[in-house]
Amino acid sequence: LNDLARRLGVQDQVHLLGRIEHTELPAYYRAFDLFSTASLSEMHSISLLEATASGLYAVHRLDIYNRDQIKSGENGDVFNPPEEFAKIERDHGALSTEQKIARKKAVSAYACRYGTKEFITKILNVYERAVDEYDG
């Protein structure tokens, strides 16, 4: 990935940090103003929840098991083709500092609507769906 960043000329904008201890994550979340992921392997993304709870606007690849975590325009956006990802990133980058701060506050407020009960209900719904759809 570092080689790819150099070939694309974005090595000054891309920083691959490697493994970060869980206790250090809040400081990293506070340092950024956007969270992006293309993961399709998380049933109910904890990192996405942590990021939005920290006020980070989330950009997430369309994933049927995580689609309910993002309310487009409020706490993030969902993309499917890479072109949509690039547009979302460009639009976010064009925001003023004041707009980014306001967005962080709005995302944090949105995240406060969800607690332990809502999280457990969503996890149980995923398992119930898997059991209902299991054919074997």
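Buried means under 20% relative accessible area, exposed over 50%, and partly exposed in between (1.4 Å probe, protein chains only). This is a predicted model, in which local features need pLDDT of at least 70 and side-chain atom pairs count only at pLDDT 80 or more, while totals for chains, interfaces and linings use all residues. Residues are numbered from 1 along each chain as its sequence is written, and side-chain values use heavy atoms, without hydrogens and water.

Q: Is Lys71 buried, exposed or partly exposed?
A: Lys71 and Glu74 join their side chains in a salt bridge, 3.4 Å from N to O; the term asks for a side-chain nitrogen of Lys or Arg within 4 Å of a carboxyl oxygen of Asp or Glu. Glu74 has a relative accessible area of 29% and is partly exposed. Lys71 has 41% relative accessibility, so this residue counts as partly exposed.

Q: How many salt bridges are there?
A: One of them joins Asp3 and Arg6 at 2.4 Å, N to O. Another links Glu21 with Arg19, with the closest N and O atoms 3.0 Å apart. Side chains of opposite charge can pair when their charged atoms come close. The count of salt bridges comes to 5.

Q: What is the relative accessible area of Arg19?
A: Glu21, the salt-bridge partner of Arg19, is partly exposed at 43% relative accessibility. Arg19 is exposed, and its relative accessible area is 69%.

Q: Which helix holds both Asp3 and Arg6?
A: Asp3 is partly exposed, at 47% relative accessible area. Because Asp3 and Arg6 are 3 residues apart, about one helical turn separates them in helix α1.

Key
Helix = DSSP H or I, 4+ residues; strand = E, 2+ residues; numbered from the N terminus.
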